[in-house]
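Please open the model in your viewer and keep the selection tool at hand.

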Amino acid sequence: MIHNYNKNLVHLAQELRKNMTEEEHKLWFYFLKRLPFTVNRQKIIGNYIVDFFIASKRTIIEIDGSQHYFDKGKEADKIRDNELRSLGYTVLRYSNRDINYCYDSVCEDLANKLNVTVMDLKW
């Protein structure tokens, strides 16, 4: 899949890949990495760096920290999500709290939305 991206974000994306949050780390190593298709971490799409990207499913997965729940963060996310959706992507958002306290439910929800069998994935 070819799409335009801001080359000025390459260094930041690399740093974010090296320094994942605890919640991103948990979801990546115990679930997303085991999916039967390629999942990219900290992928640049346009002027944005998305947490996880599944090209074959045209799906973006975002893990939101507390800054996303203040007015400024909510507005920025709305603009970002609308732009990404206009490119034909589905944007799925989960909070750090979801990952920390409802992890199995998050994995089941993702499995359903990505059309994979949960029993095939051992997390």
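Begin by selecting F29, which is partly exposed, with a relative accessible area of 30% (buried means under 20%, exposed over 50% and partly exposed in between, with a 1.4 Å probe and protein chains only). This is a predicted model, in which local features need pLDDT of at least 70 and side-chain atom pairs count only at pLDDT 80 or more, while totals for chains, interfaces and linings use all residues. Residues are numbered from 1 along each chain as its sequence is written, and side-chain values use heavy atoms, with hydrogens and water left out.

Then show F52, whose ring centre lies 6.2 Å from that of W28, with the planes at 10°, so the two are stacked (rings of Phe, Tyr and Trp, the last by its six-membered ring, pair if their centres lie within 6.5 Å; planes under 30 degrees apart count as stacked, over 60 as edge-to-face and the rest as tilted). W28 belongs to helix α2 and F52 to strand β2, so this pair ties together parts that are 24 residues apart in sequence (helices, H or I of at least four residues, and strands, E of at least two, are DSSP runs numbered from the N terminus). With F29 included, ring pairs link W28, F29 and F52 into a cluster.

Keep F52 selected and display its contacts (heavy atoms within 4.5 Å): beyond neighbours within four places in sequence, they include L27, L32, V39 and I61.

Finally, select K26 and Y103, where K26 lies over the ring face of Y103, 4.5 Å from the ring centre (NZ of Lys or CZ of Arg within 6 Å of the ring centre and within 35 degrees of the ring normal).
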